[in-house]
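Please examine the structure shown below with attention to how its parts are arranged and how they meet. The following paragraphs proceed from the overall division to the details of the contact.

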Amino acid sequence: MNIDAGTETYGLMGHPVGHSVSPALQNELIRRYGFNAAYLAWNTEDILAAVKGGAALGIRGFNVTVPHKQAVMPYLYAIDEDAEKIGAVNTLKLTEGGYVGYNTDMPGLIRAFEYDGVSFKGRCAVLIGAGGAAAAALAAILKCGAGRVLIVNRTIEKARMLAERYSQYYPDVSFETAGSGAEAVSLMRSTNEKWNAVQTTSLGMYPKTDAAAVEEDEFYEMIEDGVDIIFNPEKTLFMEKVERAGGRAYNGLKMLLFQGVRSFEIWHDVRVDDSHTEELLTIMRGALKR
Ligand code: ATR
């Protein structure tokens with residue numbers, strides 16, 4: 001990489017960002033496309049000051065991560081319609097008026113589903129969790145055509161609020177909620193079909209890898225494809241349980257890859273085809289171990 005006075009800057013804002021694999025991914029993409037650009041990671045506490053300073057310095061684009069994905073929204077010039085519905089942005093692109101906000105977690109997850117061959121079309125889908133990550137995952141599941149959605153969350157009120165928010169956009173989809181794995185099992189039993197699951201809570205993430213938000217074996221017996229958005233460890237307890245019960249399980253590394261790819265596409269006006277995917281995943285795995 002040759003840095004000079006014409007180098008365009010991009011980067012990640014969040015707190016903390018020290019272990020992020022985004023710089024490795026984005027700089028590899030920049031290298032592959034031969035752009036005069038660089039991507040850094042900035043540990044950021046004051047998001048308003050960072051957005052103002054970024055615009056003043058002409059920083060072309062940002063990824064935004066925890067804890068700023070919602071907090072940054074009032075400071076943007078415009079927000080993409082899907083990001084508005086999800087209620088969170090993770091990508092900013094500098095325009096003449098200021099930063100425009102996008103959510104690439106949703107299209108990233110959709111591309112991961114497609115890459116892994118996980119189909120939600122007309123299917124029963126169970127979403128575990130009802131936080132920020134769950135909102136993007138629910139948007140992805142619905143966009144992929146799920147016919148019935150069950151949201152399981154420890155705090156059932158949050159599951160209900162999420163279901164209510166999305167049911168206005170998808171009046172033909174059946175929404176249900178459960179406050180525990182046991183409650184979910186009894187609702188899922190009402191159909192003889194297999195379910196696809198997306199796990200969006202932080203339970204099972206390194207270093208507390210011996211946890212899963214839903215524990216019941218009966219739950220996993222009804223799962224065909226189970227996607228965990230956690231990518232560290234590469235195989236979570238949720239994934240082990242899905243596989244032990246005979247289902248297929250996938251981790252969140254491809255979602256992480258494709259959300260970054262989608263951000264790159266928005267910033268640079270290119271389309272990254274799947275010929276890069278396996279090599280990029282290898283680079284991300286290497287960066288994770290550092
Ligand atoms: P994120 O943006 O990563 O989704 P979040 O918005 O804080 O983070 O949401 C965290 C999710 O993990 C929530 O669904 C949360 O459940 P509650 O809504 O009941 O808090 C879930 N979660 C976190 N810790 C949990 C635990 N120990 N047991 C069950 N669920 C947990």
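In this predicted model, the protein chain is divided into two domains: domain 1 comprises residues 8-103 together with 254-287, and domain 2 comprises residues 107-251. Between the C-alpha centres of domain 1 and domain 2 there is a separation of 26 Å. To the contact between them, domain 1 contributes 19 residues and domain 2 contributes 18 residues.

The extent of this contact can also be expressed as an area. About 1600 Å² is buried between domain 1 and domain 2, and carbon and sulfur atoms account for 59% of that area.

Specific interactions across the boundary come next. Domain 1 and domain 2 are linked by 4 salt bridges. The side chains of Arg111 and Glu265 also form a salt bridge, with an N to O distance of 3.0 Å.

Which elements give two or more residues to the side of domain 1 that touches domain 2? They are helix 3 (81-86), helix 10 (253-268) and helix 11 (277-289). Helix 10 gives the most to this side of domain 1, with 8 residues. By residue class, the side of domain 1 that touches domain 2 consists of 9 charged, 6 nonpolar and 4 polar residues.

How values were computed. Residues numbered from 1 in each chain as written. Predicted model: local features only at pLDDT ≥ 70, side-chain atom pairs only at ≥ 80, totals over all residues. Heavy atoms only, no water. Domains from an automatic or database assignment. Contact = heavy atoms within 4.5 Å. Buried area = accessible area lost by both parts, 1.4 Å probe. Helix = DSSP H or I, 4+ residues; strand = E, 2+ residues; numbered from the N terminus. Nonpolar A, V, L, I, M, F, W, Y, C, P; charged D, E, K, R; others polar.
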